Structure formats: C-alpha cells, structure tokens
Amino acid sequence: MRSLAELNGEAPAPFSFVQLSDTHVGFNGPPDPLGTKAFESAVATINGLKNPPELVIVTGDLTHDADSPDEHAKRFKLFKQISSKIGGAQIKVVPGENDAALDGGDMFREFMGPTRYSFDYRGVHFIALDNVSAGRPAVGAEQLRWMKSDLARFPKTAPIIVFTHRPLFDLKPEWEWFTSDGDEVMNALAPYENVTVLYGHIHRENFHQAGSTKMYAARSLIFAFPDPATTPVKKPAPFDKAAPFKNLGIRRVNGNVDGGDLQIEEVELATAEFGGTVGMDQMLKHGNNDSKDE
Amino acid sequence: MKTTTMSKIVTAILLAGICDVGLMLVPSMVGLTRASDHPKVIEIAAKQFEFTPSQITLKKGVPVILRLHSSDRVHGFMSKPLKIDTDIPNNATKDVNVTPDTVGDFVVICDRYCGSGHGSMRMKVTVVE
Ligand SMILES: [Cu+2]
C-alpha cells in the first residue's frame with residue numbers, strides 16, 4: 001500500500017496527537033460555573049501524559065461569543081495564554097461558530113491564523129475545515145473547491161484526517177448538529193480509503209461511519225450536552241458538583257501510518273486538584289450568573 | 001380542486017387576507033381561483049433569540065405562506081422535515097411557502113448565527129390531519 005509517508009519521504013512512524021474541543025473561554029455561569037477550570041485541567045492532564053503529544057488540535061469554540069469585540073478579544077488572549085502552557089506541542093485550531101460566525105472569522109484570523117488550511121504530520125495529511133464562518137452551518141463552494149484541489153495530489157490510500165467544528169452529516173439538524181453542504185464534503189472524501197473526521201460542537205462523544213470514512217465527535221471542556229435521542233429539548237446537562245468534570249475530557253489519537261485504524265482513546269481529566277468541598281466552593285465563587293445555553 | 005365549492009373558496013380568500021379585493025366583488029370570477037392559489041398567511045416575527053409565536057399548527061397537505069419578519073438582524077429559518085431553509089433579512093419580510101406532508105411536531109431553528117443565545121432560537125410547528 002502506498003502511503004503518504006512514502007510520497008513525502010518521511011519514514012513511516014507511529015504517531016500520537018491530542019484533540020481538545022469546545023473550551024468556550026469566557027463562559028461563566030450556569031450550567032457550568034467552572035469557567036476555564038476544565039480547560040486548565042486538560043492542559044495539566046496533557047502535560048502529565050507519559051508520552052506528551054507533539055501535536056494538539058482544537059476543534060472549535062475556543063472562545064465563547066461576546067457582544068463586545070473587546071471582550072471577545074480578551075477571550076482569545078486568555079485561550080492563547082492557557083493553551084500556551086501545553087509543553088512542547090504545536091497547536092492547530094479551527095473555529096467554532098462562537099469564534100467566527102458573527103464577524104466572518106476576522107478576529108479568529110487576527111489571533112489564531114487562517115480558518116482553513118492543511119498540513120502534513122508524520123505522514124498523515126491533515127485538513128482543517130471551516131464550517132462556521134459563513135454564519136451558518138456551511139463549508140461553501142469556494143472552500144470545497146480548495147479542499148478538492150488540496151486532496152487531488154494524494155493517492156486514494158493516503159491517510160487523511162479532517163478536523164472541523166460541526167458534524168459533516170445530519171446528526172441532529174434541529175439542534176443545529178449538521179453542515180448544510182456536508183454531503184458535498186463527504187462525496188469529495190469518499191474516494192479516499194483512509195479518512196478520519198474529528199469534530200466537536202456537540203459536547204459529547206459520537207461515532208458515525210459513512211462508507212470507509214470514520215467520524216468522531218469529541219467531548220467538550222465545559223458543559224456537556226445530553227443524548228438527543230432521549231432529550232426532547234436542546235439543553236446542556238446539569239452541573240454535578242460532586243463530579244464537576246463529568247462527561248468532559250480530552251482525546252488521544254494513536255496511529256501508525258502503515259495502515260490499520262486509528263486508535264481513539266478518551267482521556268479523563270485530572271480532578272485531584274479540585275477534590276474536596278473547600279476547593280469546589282472556591283471554584284464556584286468565580287461564576288457570575290449569565291445563563292447561556294450554547 | 002375543480003369540485004371546490006363556493007363557500008370553501010370564499011373561506012380561503014378570507015383566510016388569505018391578501019387577495020385582490022376585486023375578486024370579492026366579482027363572484028363570477030371566483031370560480032377561476034383555486035384555494036391553493038391563496039394560502040393562509042401566518043406572520044412570524046424573529047428577533048434575538050426567539051420567534052413569535054413560538055408555536056403554530058398547520059394542516060397536512062394544506063399550503064400556507066409563512067410571512068417571516070426580522071426586526072434586529074439577519075436570522076435563519078430552517079427545518080429539514082418541513083423542507084424550509086431560508087434567511088430572514090434584517091428589517092425585511094420574507095415569504096415562505098409550505099405544504100406539510102407529514103403529521104407531527106417539528107422544530108424550526110435559526111441557523112444563521114446571531115449571538116450567544118442563538119442555540120436556543122427555535123419554534124415548534126405542529127402538523128395535524
Ligand atoms: Cu437568530
């Protein structure tokens with residue numbers, strides 16, 4: 001099997017990277033009064049991993065949207081400040097609708113760089129796809145053309161990882177868990193045999209396969225969403241003081257470019273430092289009371 | 001539709017409320033008009049982060065016009081099962097023709113990101129026999 005590694009001269013090597021999602025920096029209040037605590041814990045958890053990753057991808061909603069651009073800029077700065085504490089890893093991000101849907105991605109580009117791009121890492125081709133900055137759940141014709149031409153130089157067997165914010169299929173359209181032109185993206189990816197899509201937005205784990213393309217949603221680092229199949233109205237899961245990071249977490253992706261499926265490993269957040277009632281009460285004092293539901 | 005009675009047609013015209021007044025004055029012409037040409041109009045107002053009314057009831061197979069108006073910024077109006085997908089421009093009115101083909105409760109969402117409460121901007125459409 002011809003792999004990308006053979007094409008670009010890199011030796012095939014096992015690799016591992018970490019996916020974070022939906023940190024919503026700046027969000028504070030019900031249903032999750034802990035603000036950036038889970039994000040900070042995720043950074044500590046990554047730094048404590050036995051083999052710390054060289055690459056961390058973040059699949060959108062880095063910041064929580066703010067009415068004032070000044071406040072939103074502060075949130076981007078805080079995201080960068082916290083994420084910069086991840087030791088030794090390069091960080092690659094895509095925007096979520098909170099980051100980029102109101103201004104077409106201008107502030108995201110200012111602080112984080114382009115909203116879509118591609119790069120190679122250890123023989124795997126990564127495509128960062130923006131399905132938010134159009135203001136609606138869409139990739140758009142222009143980006144689709146870009147993605148097709150980006151893909152065109154690879155053999156159908158090349159290992160490809162697409163990372164984006166929203167699901168590229170109709171997971172739950174009435175909760176806005178879809179991308180309106182996701183079918184076109186999937187059709188463009190369909191001829192490729194080793195495609196994995198990593199995304200966020202839904203604040204819970206999900207696996208879905210279309211043809212040979214495997215799609216994994218990551219947990220968030222703030223308020224989880226419940227299972228839409230058993231929940232009539234979209235609403236975050238309630239905060240559990242006894243288990244503040246319940247249903248939150250990070251993901252480690254392990255792979256080997258010589259074939260075989262990527263191994264997806266869900267990693268729990270270290271909660272030790274927040275144990276005990278005193279620590280929890282202290283954390284809860286940080287909350288203000290603006291209630292938001294996304 | 002050819003067997004439509006006069007009373008049904010008149011009812012449809014009254015419901016529509018937008019028909020040419022001339023038709024009301026010249027009953028002989030009414031026979032040329034089919035009920036489906038003059039669907040009922042339902043007005044829906046959109047603003048951050050709600051639709052008003054938040055619930056409407058429609059009849060299966062009966063065409064209606066949803067007259068959408070936004071008073072603050074552009075919003076979306078989207079439901080896959082109802083086959084609706086449109087933007088509502090700011091300070092403007094947009095008509096959407098709908099003929100529901102399935103009985104049930106359906107959620108219409110704003111799918112044009114409009115701020116931090118956007119995720120809860122939705123309304124319910126109930127379709128009955
Ligand atoms: Cu809206």
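How many of the 11 residues of H2(A) are buried? Eight are, so this helix is largely enclosed by the rest of the structure. The close-ups below start from there.

This is a predicted model, in which local features need pLDDT of at least 70, side-chain atom pairs count only at pLDDT 80 or more, and totals for chains, interfaces and linings use all residues. Residues are numbered from 1 along each chain as its sequence is written, chains are lettered from A and ligands numbered from 1 in the order in which they are written, and side-chain values use heavy atoms, with hydrogens and water left out.

**Figure 1. Helix H2 of chain A and its buried residues.** Helices (H or I, at least four residues) and strands (E, at least two) are DSSP runs, numbered from the N terminus. Buried means under 20% relative accessible area, exposed over 50% and partly exposed in between (1.4 Å probe, protein chains only). To find the buried residues of H2(A), look for A:Lys37, A:Ala38, A:Phe39, A:Ser41, A:Ala42, A:Val43, A:Thr45 and A:Ile46.

**Figure 2. A:Thr36, in the loop between strand S1 (14–20) and helix H2 (37–47) of chain A.** With 15% relative accessibility, A:Thr36 counts as buried. Its side chain makes a polar contact of 2.6 Å with the side chain of A:Glu40. A polar contact is a pair of N or O atoms within 3.5 Å; within protein, one must be able to donate a hydrogen and the other to accept it, and residues adjacent in sequence count only if both atoms are side-chain atoms. Not counting residues up to four places away in sequence, A:Thr36 also touches A:Val25, A:Leu78 and A:Ile82, where contact means heavy atoms within 4.5 Å.

**Figure 3. The largest nonpolar core, with 32 residues.** A nonpolar core is a set of buried Ala, Val, Leu, Ile, Met, Phe, Trp, Tyr and Cys residues joined through side-chain atoms within 4.5 Å. Those with the most contacts inside this one are A:Leu20, A:Phe39, A:Leu221, A:Ile250 and A:Leu269. At least two core residues come from each of S1, H2, strand S2 (55–59), helix H3 (69–83) and helix H5 (106–112) of chain A, and H2(A) gives the most, with five. Leaving aside neighbours within four places in sequence, the contacts of A:Leu20 include A:Phe39, A:Ala42, A:Ile46, A:Leu221 and A:Ile250. A second, separate core has 30 residues, among them A:Val162, A:Val185, A:Ile202 and A:Ala217.

**Figure 4. The packing of H2(A) against H3(A).** The two axes lie 10 Å apart at an angle of about 25°; axes are lines fitted to C-alpha atoms, for helices over the stretch in contact, and angles run from 0 to 180 degrees between N-to-C directions. H2(A) and H3(A) are therefore roughly parallel to each other (angles under 35 degrees count as roughly parallel, over 145 as roughly antiparallel, 65 to 115 as roughly perpendicular and the rest as oblique). Here A:Phe39, A:Glu40 and A:Val43 of H2(A) meet A:Phe79, A:Ile82 and A:Ser83 of H3(A). These contact residues are four nonpolar, one polar and one charged; Ala, Val, Leu, Ile, Met, Phe, Trp, Tyr, Cys and Pro count as nonpolar, Asp, Glu, Lys and Arg as charged, and the others, Gly among them, as polar.

**Figure 5. Helix H6 (residues 141–152) and helix H7 (residues 182–189) of chain A.** Their axes come within 10 Å and cross at roughly 10°, so H6(A) and H7(A) are roughly parallel to each other. H6(A) brings A:Leu144, A:Met147, A:Lys148 and A:Leu151 to the contact, and H7(A) brings A:Glu184, A:Val185, A:Ala188 and A:Leu189. By class, that makes six nonpolar, no polar and two charged residues.

Figure 6. In chain B, a cis peptide bond with omega of about 0° joins B:Thr52 and B:Pro53. A:His203 is not a glycine, yet has a positive phi near 55°; this residue is buried, with a relative accessible area of 1%. A:Arg122, also not a glycine, has a positive phi of about 45°, and is partly exposed at 28%.
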